[in-house]
Structures are given as structure tokens and as C-alpha cells.
Amino acid sequence: MTKQELRKAYLQKRITLKDTEYVRLSKLLCEMFFKTTELSSVHTLHTFLPIVRNREPDTQLIIDKLKHDYAYVKISIPKINSEGSMESYFMEGSKIKSNSWGIPEPIDGILTEPSTIDMILVPLLAFDKEGYRVGYGKGYYDRFLKECRPDAKKIGLSFFPPEEKIQGLFSEDFRLNAVITPDERYTFSN
């Protein structure tokens with residue numbers, strides 16, 4: 001399927017999840033993340049905040065466990081700046097408010113230098129068996145990840161298993177190191 005077809009199909013799959021199923025899948029995904037992810041060398045972790053109306057995986061569960069059990073990990077969150085690029089801000093000390101698109105983001109705080117980020121949790125709608133993803137199509141994460149260190153771990157979070165292959169990829173599209181689902185961790189060699 002093409003990116004556009006996958007975007008439409010998977011957004012529909014997600015938004016039709018019942019509340020109980022959404023909560024259940026988010027909890028299982030969080031458990032799988034901590035069961036399969038080595039965090040000892042992660043000092044700064046960037047994560048998206050979920051757009052709940054779109055049924056994005058509830059990363060607040062991961063954030064809460066990081067704060068409780070991995071207090072040495074600094075958490076950083078995205079913000080779209082006035083130029084239309086994505087920046088990352090340390091979550092601690094930031095006030096968070098939903099922007100005009102309903103996306104929660106910091107309205108103040110301390111900017112996180114992309115070069116200091118060790119792991120990035122990347123939102124996606126769908127992914128394939130080669131580690132490519134389909135997002136909402138605005139390219140924010142594609143551009144942001146180019147600013148991060150090449151060795152920073154890029155991990156997608158998905159409620160659903162991979163597609164065989166995404167059609168219509170661009171040279172700007174990047175491969176993830178892994179995608180975590182409620183049932184499995186998919187690892188990709190880059």
C-alpha cells in the first residue's frame with residue numbers, strides 16, 4: 001500500500017478503538033517497552049505526547065515509569081516552532097498546553113540540544129518490515145531526526161504489526177532502529 005492509503009487505513013483503525021481496548025493496548029505497549037529496551041546508557045529520551053483523539057499510544061505511561069524507576073533519564077518533548085520546525089524541550093519545568101491542532105506541547109522550558117538525545121520515541125500510523133514508517137505526512141520527525149546524532153536510537157510505537165512493504169518512500173524517509181507493539185519488539189538493522 002502507498003503511504004496515503006496506509007495513513008488513511010491506520011488512522012481509521014486507531015480512532016475506532018474502544019476506550020477499554022485503547023487503555024489495554026497502551027498498557028501492554030508500555031510493558032513491552034520496558035521489558036525489551038535497554039536504558040542504562042540513555043540519559044536523555046525524547047518522546048511525543050499522545051494526541052488522544054487520534055488514539056496515539058499513551059506515552060504518559062512510559063513517562064510516569066521513567067520518572068519513578070529511571071529518574072536519571074531526562075525526558076524531552078516536542079514543540080513545533082514558529083518557523084514550522086520541531087524542537088525538543090526538557091519536560092521538567094515546562095508548562096504543557098494543547099496547540100491549535102490539539103497536540104500537547106510545552107509552552108516554555110529549556111531547549112534540548114538534539115545532539116544530547118540518546119533515544120527518540122517516534123509516533124507513527126504504520127510501519128513495514130524494513131523499519132520505515134508512515135506518519136501524518138508533515139515531515140516534522142524526518143527533519144528533526146536529521147539534527148539528532150546518528151547513533152541515537154529511533155524507536156517507533158505501534159498498536160499494530162508491520163505491513164510487508166510501504167510503497168512510495170522518499171529519500172528523506174528514515175528507518176527506525178526498532179518498533180515496539182503490545183506483543184513484540186521488531187528490530188531493524190540500519
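1. A residue is called buried when its relative accessible area is under 20%, and Arg55, with a relative accessible area of 13%, is therefore buried. The model in which this residue is seen is a predicted one, and that should be kept in mind throughout the points that follow. Arg55 belongs to the loop between S1 and H3, and its phi is near 60 degrees, a positive value in a residue other than glycine. This deserves a second look because most residues other than glycine have a negative phi.

2. The aromatic side chains form a second topic, and the count comes to nine aromatic pairs. One of these joins Tyr10 and Phe160, whose rings are 5.7 Å apart centre to centre with 65 degrees between the planes, an edge-to-face arrangement. The pair links distant parts of the chain, since Tyr10 is in helix H1 whereas Phe160 is in the loop between strand S9 (153-157) and strand S10 (178-180), 150 residues apart. Are these two residues buried or exposed? Tyr10 has 6% relative accessibility and so counts as buried, and Phe160, at 11%, counts as buried too.

3. A further pair is made by Tyr22 and Phe159, with ring centres 5.9 Å apart and planes at 90 degrees, so that this pair is edge-to-face. Tyr22 lies in helix H2 (residues 19-36) and Phe159 in the loop between S9 and S10, so the pair ties together parts that are 137 residues apart in sequence. Both Tyr22 and Phe159 are buried. Taken together, Tyr10, Tyr22, Phe159 and Phe160 form one aromatic cluster.

4. Two lysines are placed over aromatic rings. Lys13 lies over the face of Phe160, at 4.4 Å from the ring centre, so that Phe160, a member of the aromatic cluster, has a charge over its ring under the cut-off of 6 Å from the ring centre and 35 degrees from the ring normal. Lys65 lies over the face of Phe34, in this case at 5.4 Å from the ring centre.

5. The largest pocket has a volume of about 800 Å³, and 35 residues line it, with Tyr136, Gly137, Lys138, Gly139 and Tyr140 lying nearest its centre. Which elements give two or more residues to this lining? They are helix H1 (3-15), strand S2 (74-80), strand S5 (104-106), strand S8 (133-134) and helix H4 (140-147), and the largest share, five residues, comes from H4. By class, the lining is made up of 17 nonpolar, five polar and 13 charged residues.

6. Helix H4 also contains Leu145, which is buried, with a relative accessible area of 8%. The C-alpha atoms of Leu145 and Met86 are separated by 9.7 Å, although the two residues are 59 residues apart along the chain.

7. In the loop between S10 and strand S11 (185-187) one finds Thr181, which at 4% relative accessibility counts as buried. The C-alpha atom of Thr181 is separated by 5.0 Å from that of Ser158, and these two residues are 23 residues apart along the chain.

8. A last point concerns the cysteines. How many disulfides does a search of the whole structure find? The search finds zero. Cys30 is buried, with a relative accessible area of 10%, and Cys148 is likewise buried, with a relative accessible area of 7%.

Conventions. Residues are numbered from 1 along each chain as its sequence is written. This is a predicted model: local features need pLDDT of at least 70, side-chain atom pairs count only at pLDDT 80 or more; totals for chains, interfaces and linings use all residues. Side-chain values use heavy atoms; hydrogens and water are left out. A disulfide is a pair of cysteine sulfur atoms within 2.5 Å. Buried means under 20% relative accessible area, exposed over 50%, partly exposed in between (1.4 Å probe, protein chains only). On a 1 Å grid over the protein atoms alone, a cavity is a set of points where a 1.4 Å probe fits but cannot get out, and a pocket is an open set with protein on both sides within 12 Å along at least five of seven lines; lining residues have an atom within 4 Å of a point. Grid points are joined across faces, edges and corners, and a volume is the space filled by probe spheres set on the points. Helices (H or I, at least four residues) and strands (E, at least two) are DSSP runs, numbered from the N terminus. Ala, Val, Leu, Ile, Met, Phe, Trp, Tyr, Cys and Pro count as nonpolar, Asp, Glu, Lys and Arg as charged, and the others, Gly among them, as polar. Rings of Phe, Tyr and Trp (its six-membered ring) pair if their centres lie within 6.5 Å; planes under 30 degrees apart count as stacked, over 60 as edge-to-face and the rest as tilted.
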